[in-house]
Amino acid sequence: MHWILLENLTSKELVEKSEAGSYALIDARVRADSTAAAKLRENGLVILGKTSLSEWANVRSFNSSNGWSAQGGQTYGAYYPSQDPNGSSSGSAVSADLGLALAALGTETSGSILLPAGVNNVVGIKPTVGVTSRYMVVPVSQRQDTIGPLARTVKDAAKILQVIAGDDSKDNYTLASPFSAGLPDYMAACKLSALEGKRIGIPRNVIARSETQYGEPESTAFEEAISVMSEAGAVIIDNANFTAYDEFLTAPAPQAVPIIDFKQELVDYILSLGTNPNKLFNLEEIRNFTWHDPLEDYPSRDTMIWDAVLQLPNNTSPEFWNMYQQNLYLGGEGGVLGAISRNKLDAIILPTSIAPGVPAIVGSPAITIPLGSMPSGSPAVPNQRGNLIQSAPGAPFGISFLGAKWSEETLIGIAYAFEQRTLHRQKLQHFIKPQTELVDVL
């Protein structure tokens with residue numbers, strides 16, 4: 001028997017509330033299971049409950065903190081007092097790290113699985129958009145949202161992906177999957193030999209133009225990882241660059257497209273609910289509620305993302321379509337997909353703290369696994385709000401493997417082979433950890 005926790009998706013039988021951490025949707029109830037939750041139970045997993053998340057999947061404020069929601073309060077990482085857990089799948093990453101369940105599910109639009117997994121010393125798989133159904137997930141953007149597992153090992157994460165992946169008539173993105181005849185065997189991909197002969201690319205221009213969260217320790221560990229892969233038989237292709245990366249960093253489209261989608265997709269989601277006690281039916285009404293409910297901590301935590309998106313065109317407009325087409329170029333030919341194609345790569349590697357953005361805008365997959373931690377004597381660096389510590393002695397960081405669409409099987413094999421040669425997760429020490437096993441209390 002295995003236990004699992006959920007974030008941002010609904011299970012009617014056990015945790016039928018669907019609230020995104022906000023009081024705006026307090027006691028809102030869904031009409032049906034999320035497909036992911038239904039598949040878990042069908043395969044014998046026990047859903048313990050829902051984890052905390054950054055409220056509205058971090059699509060509300062510019063000045064809030066990762067892991068905070070009005071209903072759930074503040075989540076912390078377990079490697080330093082008041083550690084920033086990153087987000088939005090903050091509770092999923094922390095609970096997986098501490099072994100509160102075999103694994104947890106998270107949702108990613110742009111970094112919400114990879115980033116919290118990286119800073120909480122766990123494996124996170126962000127599948128290709130369409131590998132897992134988003135039916136009854138609180139949405140941001142159908143173009144970018146994807147459900148994936150967070151777990152302590154690559155094998156455990158692969159096991160959960162095997163369960164939740166597959167076609168679903170309720171999510172037409174899954175009908176584009178090439179696996180209609182049967183899914184790959186993700187567990188069988190976990191072979192120590194999986195790095196042999198694999199072409200691994202390094203986009204040096206991305207590393208040069210991006211500030212990694214953990215500076216020199218993260219960069220040093222990343223270079224050491226390249227040597228491990230080479231010794232394992234991988235072919236390293238340096239300067240497998242993202243040719244439009246400078247444009248990606250300055251273009252408004254990567255940030256605008258998902259939040260414009262959110263404005264309409266939130267309405268569609270609310271209309272699908274079975275109950276909606278506050279009778280809020282669109283983003284403007286939810287924003288007004290948030291302004292006037294003291295539990296939502298406004299204006300200390302602002303609504304500037306919502307304020308901005310309410311001034312933007314809808315996702316049916318020509319302006320939006322042009323932005324979306326720009327994203328397909330920036331992430332495709334000018335980004336991760338172009339670099340893979342030109343260099344005939346099996347995967348691209350990046351420090352996890354700078355990995356999510358480009359794969360997000362084209363819906364391509366990525367996996368992060370533990371890489372190391374900040375050394376003793378490192379300064380404790382607060383987050384922008386000042387209520388969390390985002391870098392400190394012992395704070396974990398990860399390495400991400402990016403692939404072509406539908407390449408999860410290859411990425412899982414590569415990640416597993418690297419994981420087994422390094423075992424970085426086992427080298428870190430928690431600041432705090434539970435003293436009771438689930439079996440003792442259930």
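Student: Okay, where is Q74 found?

Tutor: Q74 sits in strand β4, which covers residues 73-74. Keep in mind that this is a predicted model.

Student: And is Q74 buried or exposed?

Tutor: Buried: its relative accessibility is 19%, and the cut-off for buried is under 20%.

Student: How far is Q74 from G91 in space?

Tutor: C-alpha to C-alpha, Q74 and G91 are 9.6 Å apart, with a sequence separation of 17 residues.

Student: What kind of peptide bond runs from G87 to S88?

Tutor: That one is cis, with omega near 15°. S88 belongs to the loop between β4 and α3, the helix at 90-98.

Student: What about the backbone at D297, what's its phi?

Tutor: D297 has a positive phi, about 55°, although it is not a glycine. D297 is also in the loop between α10 and α11. With 27% relative accessibility, D297 counts as partly exposed.

Student: And L423, what's the phi there?

Tutor: Positive again, about 50°, and L423 is not a glycine either. L423 is in the segment after α15, which spans 408-422. Its relative accessible area is 33%, so L423 is partly exposed.

Student: Switching to strands. Which way do β8 and β9 run, parallel or antiparallel?

Tutor: Parallel. Four bridges join β8 (residues 199-202) to β9 (residues 235-238). Within that pairing, R199 stands opposite V235 of β9.

Student: How many bridges does β8 make with β10?

Tutor: Two, and that pairing is parallel as well, with β10 covering residues 347-351. G201 has I348 as its bridge partner in β10.

Student: Which residues does the UniProt domain annotation cover?

Tutor: The unreviewed UniProt entry carries "domain: Amidase" over residues 20-411.

Student: Now pockets. How much space lies in the largest pocket?

Tutor: About 1700 Å³. Its lining has 50 residues, and those nearest the centre are N58, N66, S110, L115 and Q255.

Student: Which elements give two or more residues to that lining?

Tutor: Those are α6 (204-209), α8 (245-250), α9 (253-271), α11 (304-309) and α14 (357-362). The largest share comes from α9, with five residues.

Student: What's the lining of the largest pocket like by class?

Tutor: There are 25 nonpolar, 21 polar and four charged residues in it.

Student: How many cavities of 30 Å³ or more are there?

Tutor: Two in the whole structure. The largest cavity holds about 70 Å³ of space. Its lining is S54, E55, N58, R60, S61, S64, S65, W68 and R301. By class that makes one nonpolar, five polar and three charged.

Student: How much space lies in the second largest cavity, and which helix gives the most to its lining?

Tutor: The second largest cavity has about 50 Å³. The main contributor is α4, with four residues, and β14 (396-402) supplies at least two. Five lining residues are nonpolar, five polar and one charged. Among them are L115, Y214, E218 and F397.

Student: Last topic, rings. How many aromatic pairs does the structure hold?

Tutor: Nine. In one of them, F242 and Y245, the ring centres are 6.4 Å apart and the planes are at 65°, so that pair is edge-to-face.

Student: Why edge-to-face for F242 and Y245?

Tutor: Because the angle of 65° between their planes is over the 60 degrees that edge-to-face needs. F242 is buried, at 1% relative accessible area, and Y245 is buried too, at 6%.

Student: Which residues do ring pairs link into a cluster?

Tutor: W56, F262 and W306.

Key. Residues are numbered from 1 along each chain as its sequence is written. This is a predicted model: local features need pLDDT of at least 70, side-chain atom pairs count only at pLDDT 80 or more; totals for chains, interfaces and linings use all residues. Side-chain values use heavy atoms; hydrogens and water are left out. Two strands pair if DSSP finds at least two bridges between them. UniProt positions are given in the numbering used here, feature names are shortened, and annotations may be inferred rather than shown by experiment. On a 1 Å grid over the protein atoms alone, a cavity is a set of points where a 1.4 Å probe fits but cannot get out, and a pocket is an open set with protein on both sides within 12 Å along at least five of seven lines; lining residues have an atom within 4 Å of a point. Grid points are joined across faces, edges and corners, and a volume is the space filled by probe spheres set on the points. Ala, Val, Leu, Ile, Met, Phe, Trp, Tyr, Cys and Pro count as nonpolar, Asp, Glu, Lys and Arg as charged, and the others, Gly among them, as polar. Rings of Phe, Tyr and Trp (its six-membered ring) pair if their centres lie within 6.5 Å; planes under 30 degrees apart count as stacked, over 60 as edge-to-face and the rest as tilted. Buried means under 20% relative accessible area, exposed over 50%, partly exposed in between (1.4 Å probe, protein chains only).
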